[in-house]
Amino acid sequence: MDETATSAQYARMKHIYLQMAASVAATFALGTSAACAQQQENTTGDPVELLVEDEGENANWNDEPQTPGTWRYEQSDGGPIAVFVGTTGVDEFLLTCDTGLKQIGLRRPGTSSENLMLRIRTETATRAIGAVQDDGPNPFVTANLDVRDPLLDAMAITKGRFAVEVEGMEPLYLPAWAEVTRIIEDCR
């Protein structure tokens, strides 16, 4: 091999490597300056206050262990029912469909002499709903939602589970299984 050909090849490769290094450096420089330009400056010099919603012990509800049990889907005279049954065999939470009123009842076994708030938490929505004592043969605290309420959709599509909280009762962290979606769709 000719010595001049080898040094010419090295010179050409050196030139290519220098161009590539310059391109990479320019890319990082542009990215850094663009990121810096997007940051807002605090021109007053005052400390910046971050507003964070504090919900106390319920702030990380999705980290709580899932309530043990399983969903069951049933048909009744009034319409379909989805029941979450605890490991002891006791009904812990019911979703009932009133086909005549086009409502879904959120029912938690228990009694109360006053109206309570029932709170549903999902990945995308949280809402407190006024609940009343049901006058049926079994004592339930009940809140009703229109079948088209977006909270029902949030309960059905939430990742993994949703929370049911009623004042004075232990919260439930229920899996969003097919029975939840089925009752909503069947009631619509």
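This is a short walk through the structure, one selection at a time.

Before you start clicking, note that this is a predicted model: local features need pLDDT of at least 70, side-chain atom pairs count only at pLDDT 80 or more, and totals for chains, interfaces and linings use all residues. Residues are numbered from 1 along each chain as its sequence is written, and side-chain values use heavy atoms, with hydrogens and water left out.

**Stop 1: the sheet.** Colour by secondary structure (helices are DSSP runs of H or I with at least four residues, strands are runs of E with at least two, numbered from the N terminus). You'll find 9 strands in an open sheet, ordered β1-β2-β3-β4-β7-β6-β5-β8-β9, with antiparallel pairing; two strands pair if DSSP finds at least two bridges between them. β1 and β9 (172–175) stand at the edges with a single partner strand each, so one side of each has no neighbour in the sheet. From one strand to the next, the twist averages 25°.

**Stop 2: β1 and β2.** Select 69–76 for β1 and 79–86 for β2; 8 bridges join the two, which run antiparallel. Ser76 sits opposite Gly79 of β2.

**Stop 3: β5 and its partners.** Now pick 116–121, which is β5. A hairpin of 4 residues links β5 to β6, and the antiparallel pairing of these strands spans 6 bridges. Look for Leu118, opposite Ile129 in β6. β5 is also joined to β8, by 4 bridges; here Arg119 has Glu165 as its bridge partner.

**Stop 4: helix α2.** Select 150–157. Its buried residues (under 20% relative accessible area with a 1.4 Å probe, protein chains only) are Leu151, Leu152, Ala154, Met155 and Ala156. α2 lies across several strands, including β3 and β7, and runs at about 105° to β7 (axes are lines fitted to C-alpha atoms, for helices over the stretch in contact, and angles run from 0 to 180 degrees between N-to-C directions).

**Stop 5: helix α3.** Select 178–187. α3 also lies across strands, among them β1 and β9, at about 20° to β1.

**Stop 6: Thr67.** Finish in the loop between α1 (3–38) and β1, where Thr67 lies. Is Thr67 buried or exposed? Thr67 is buried, at 14% relative accessible area. Its side chain reaches the backbone nitrogen of Tyr173 at 2.8 Å. Beyond neighbours within four places in sequence, Thr67 is in contact (heavy atoms within 4.5 Å) with Phe84, Pro171, Leu172, Tyr173 and Leu174.

Notes
Buried < 20%, exposed > 50% of the residue type's maximum accessible area, 1.4 Å probe, protein only. Polar contact = N/O pair within 3.5 Å; in protein donor to acceptor, adjacent residues only side chain to side chain.
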